[in-house]
Amino acid sequence: MINRAYRIFAVFLAGLFLTIGVAWFLPGIIEQKSDIIADDSEDDSDRDHDTEDSTDGDDQPTTGPVPDPPESFPDGNVSTEPPQGEVPPTDPPTSESEPVVDIASYIRAKVNGLQLRTGPGTNHTSLGSINKGDMVTLIAKEGNWYRTKYKNKTAYISAGQEYTELYEMQKHSLAAVEAIIGQGASLLGFPYVYGAIRYHDGSGKKLNNFDATQYDCSSLIQYIFYRGAAINLQMTTRTQVTQGIFVPRSKIMRGDLIFFTNAQRYNKTGVERVGHVALYLGDNYILHTASDYAVIEQISAQRWKYYIETRRFL
């Protein structure tokens, strides 16, 4: 009996010591676990803070429009270098109640022989001249002068109201059409050269001895369509007229090509009647080169008598 009582007492003591031990060590364990959780939370907070800091300074990502396409140069080449300087900011959003109207702005001559110069002043060298009713594109106004493009160079024309006036047209909805027109506008003033060497052979293969300052009507159109929209046109008006999609005269739009005959071909038949091509801009204006130099001018009544058909490529 005594031994049994000792065993019971020993078990009781063991249980008592175990209870005391658990009560002693458990708070420390719980506290340690709490510290671990707290440390993990601080680590996550630090990582978030590091991520935000990583966008500061030089590493901050930039947003904005894609750089403009390569610029054309007077020698007819294209720069493969991206534009220099900061990326221009994007235009602010507009509400649906205020639609954006894309307008092409031109400078129209009010007198014959109006000079275009290399700088904003009569003391600067003349690049050429345009006649009453002819137009060049408006880039900006600088004092009493308008800045434009002529012979693929920056040029200036008087802003005096007795000499010029502003004229606006609605742009085409397709950027490619406006790119073609822009290419043509930069070549205004270059002389007409009959049989000028084409830019390519009709399939896009560049031809030797091409001169980016000399064009006849079909070579000018071939060049601006290729450079503006990568469209391959054939080498003459009589082959270009077989391309694209036929458009009725009543449906002519900005960017269409209009084909005409001329005095020499008036009595011929079929495609042999075709002797001239021009790019239609709207409001009875065309961009073309005929016998003197590349120009934006109105279609005369005589030229309309020579009208054959219109073709659309975009």
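Ground rule for strands before I start: two of them pair if DSSP finds at least two bridges between them. Helices (H or I, at least four residues) and strands (E, at least two) are DSSP runs, numbered from the N terminus.

Housekeeping next. I am looking at a predicted model, where local features need pLDDT of at least 70 and side-chain atom pairs count only at pLDDT 80 or more, while totals for chains, interfaces and linings use all residues. Residues are numbered from 1 along each chain as its sequence is written, and side-chain values use heavy atoms, with hydrogens and water left out.

**Entry: overview**

I get 5 helices and 14 strands for the protein. Of its 314 residues, 35% count as buried (under 20% relative accessible area; exposed is over 50%, partly exposed in between, with a 1.4 Å probe and protein chains only). I also looked up contacts, meaning heavy atoms within 4.5 Å. Among those between residues at least 6 apart in sequence, 60% join residues at least 24 apart.

**Entry: strand β10**

I went to β10, residues 257-260, and checked both faces. L257 and F259 are buried on one side, I258 and F260 on the other. What does β10 pair with? I find β11, antiparallel, over 4 bridges. Strand β14 (residues 307-312) is also antiparallel to β10, and 4 bridges join them. F260 stands opposite H276 in β11 and opposite Y307 in β14.

**Entry: cores**

A nonpolar core here is a set of buried Ala, Val, Leu, Ile, Met, Phe, Trp, Tyr and Cys residues joined through side-chain atoms within 4.5 Å. The largest has 48 residues, and Y150, I224, F225, L257, L279 and L281 have the most contacts inside it. Helix α3 gives the most to this core, with 6 residues. Apart from it I found another core of 10 residues, F260, A278, I286 and W304 among them. In soluble globular proteins, nonpolar side chains tend to be buried together.

Leaving aside neighbours within four places in sequence, F225 is in contact with I180, A230, I231, L233, G255, L257, L279 and F313.

**Entry: helix α2**

I traced α2 over residues 175-186: 12 residues, reaching 17 Å from first C-alpha to last. That is close to the 16 Å expected at 1.5 Å a residue, the expected span being 1.5 Å times one less than the number of residues. Which residues of α2 are buried? I list V177, E178, I180, I181, Q183, G184, A185 and S186. The cover over the buried residues of α2 includes β1 (103-109), β4 (135-137), β6 (145-150), α3 (217-229), β11 (276-282) and β12 (285-288).

Most residues other than glycine have a negative phi, and most peptide bonds are trans. I noted two exceptions on phi. K151 has a positive phi of about 55°, and D283 is near 55°.

K151 is in the loop between β6 and β7 (153-158). That hairpin has 2 residues between the strands, and β6 and β7 pair in the antiparallel sense over 6 bridges. Y146 stands opposite I157 in β7.

I then looked at G189, in the loop between α2 and α3. G189 and K151 are 38 residues apart in sequence and 5.2 Å apart in space, C-alpha to C-alpha. Why does G189 count as buried? Because its relative accessibility is 7%. Leaving aside neighbours within four places in sequence, G189 is in contact with Y150, K151, Y293 and A294.

On a 1 Å grid over the protein atoms alone, a cavity is a set of points where a 1.4 Å probe fits but cannot get out; a pocket is an open set with protein on both sides within 12 Å along at least five of seven lines; lining residues have an atom within 4 Å of a point. Grid points are joined across faces, edges and corners, and a volume is the space filled by probe spheres set on the points.

I count 1 cavity of 30 Å³ or more. The largest cavity is about 50 Å³, and its lining includes I180, F225, G255 and F313.

The second largest pocket comes to about 460 Å³. It is lined by 20 residues, with Y192, Y194, C217, N262 and G275 nearest its centre.
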